[in-house]
Amino acid sequence: MRSVVFVERLEFEFSGNVFPNAVVLGDVDNDNENELVVGNVEGDLIIFKGSNTVPWASCSDLGMIICIGIGDICNSGKNCLVTISGEGLCSIFNNSPASKAESVEQAEADVANGDATLSPCYTQHLSANIKVVLIDDIDGDGKTEFVVGHTDRVVSAYRWVEKQQPTTNETSPFIPGKFILLQKWHLNGQIGSLSLSRHPDGRPKLIVSQPGCNYAELLCSWVRGQGEELTGPNNSKAEPFVKWHPITNKRARNANVSTELVGRICRSADCPERSGADAQEGKDPQPSRMAMCTLDGTLMMIEEDKILWSLLVDHQLFALTKLDINCDGQDEVVACAWDGQTYIVNHSRESVRFHFQENVCAFCAGQYSTTGANKPCLVYATFNKRIYLYWNVQIPRIPSADLQLALSQNDTVQQKLKELDIDVTDTSKLRELYQWCFYGNHTKKTTEEET
């Protein structure tokens, strides 16, 4: 497996223990440029913006922050920041500026004055022991739901309900209201992660990972007809809206090992996962793909419950995400181990690895803006009060490239060869020519000296 090296990075100082789901990338202030948000067990929340290593904004006394989410939870068309503590305290922050220019000027003034302090605009106590959060449209109605997974093998779905009186600030992403519980699902195994996939007809599919490279599909009781889909051996009378998908890779070393998954992995720039298109446009959508990894080092890609490929590594994989690291419209799978070893794998199982030199307690990958445009990045939170963000981690290709093949695809080189009347089909002659161009006629000189 080929190794790659990334050198462009930012180093942030942040003390306190960090949970794996308390480091996220997202557009907090709705200026189309992503920020880095981190929370610790002491209740401190920090937002880093741009290339400045000084915190852009912060908040404290939020409880033991377990997970953080960024999304349009109020269905206002703008993002809000959400933190959840181990006690179930859900805090919502409204950080939307009036304009992008005002955001930059205000950020610079706040950092200079040392008063960039956030305050929650709303708090609500949910059930305790939440470990993962998902903010997305899980029922296909065009509105966002708030889904959380608990350590006691329960998944809960909430919806934001506005208050009766009209809002006075139309530019604010936060609309006064509260979360109401829609449904609870009880799982057999410990929950690893929540994600969203897609049915063949374009409908969203809420999935949750289960131990041993398995997952379950959670159906919404408030959606008409979804309960009728459960037939056959995967149906459970105790849980009528949970559909089990026993993948169980044969190479898995432990059937009870913890599992992570990520869905809606794009295969092209115009894929339904990214563009929002579906089968209603008259086109047959590509089957949705997902990836799964386990703590014992199994990494796989799945399409319609069939394993496309499986990769076994000698590292404990605890974090899994997707990232278009080539910027070609196709997502790669990114998995990270506790020792910092990071694997980047494409749809054809071609892979590279990047070794971060320290042990990590949290990892995420996504888009981050340092120069006014979002670019692919990798984020590592260490155990020694440091967070490292590798920005602009684009690589031209995942597989190793053959020099002769690369030159055969170069139009300029092929044009020069034609001008010199060189037969491009004679591979042996081309190999000698390229060797002479790059290294000179060293082989001939050495032979003559020996004679």
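## Salt bridges and a covered strand

In this predicted model, the side chains of Arg264 and Asp136 meet in a salt bridge, with 2.5 Å from N to O. This pair links distant parts of the chain, 128 residues apart: Arg264 sits in the loop between β19 and α2, while Asp136 belongs to strand β11. Arg264 counts as partly exposed because its relative accessibility is 25%, whereas Asp136, at 19%, counts as buried.

A search of the whole structure finds twelve salt bridges.

| Pair | N to O distance |
|---|---|
| Arg264 and Asp136 | 2.5 Å |
| Asp29 and Lys49 | 3.0 Å |
| Lys49 and Asp31 | 2.7 Å |

Now to strand β17, residues 214-218, where five of five residues are buried. Asn214, Ala216 and Leu218 cover one side, with Tyr215 and Glu217 on the other. β17 pairs with β16 in the antiparallel sense over five bridges, and Val208 has Ala216 as its bridge partner. In the hairpin of β16 and β17, three residues lie between the strands, and Gly212 takes a positive phi near 80°. Four bridges join β17 to β18, again antiparallel, with Tyr215 opposite His245.

Conventions
Residues are numbered from 1 along each chain as its sequence is written. This is a predicted model: local features need pLDDT of at least 70, side-chain atom pairs count only at pLDDT 80 or more; totals for chains, interfaces and linings use all residues. Side-chain values use heavy atoms; hydrogens and water are left out. Buried means under 20% relative accessible area, exposed over 50%, partly exposed in between (1.4 Å probe, protein chains only). Helices (H or I, at least four residues) and strands (E, at least two) are DSSP runs, numbered from the N terminus. Two strands pair if DSSP finds at least two bridges between them. A salt bridge is a side-chain nitrogen of Lys or Arg within 4 Å of a carboxyl oxygen of Asp or Glu.
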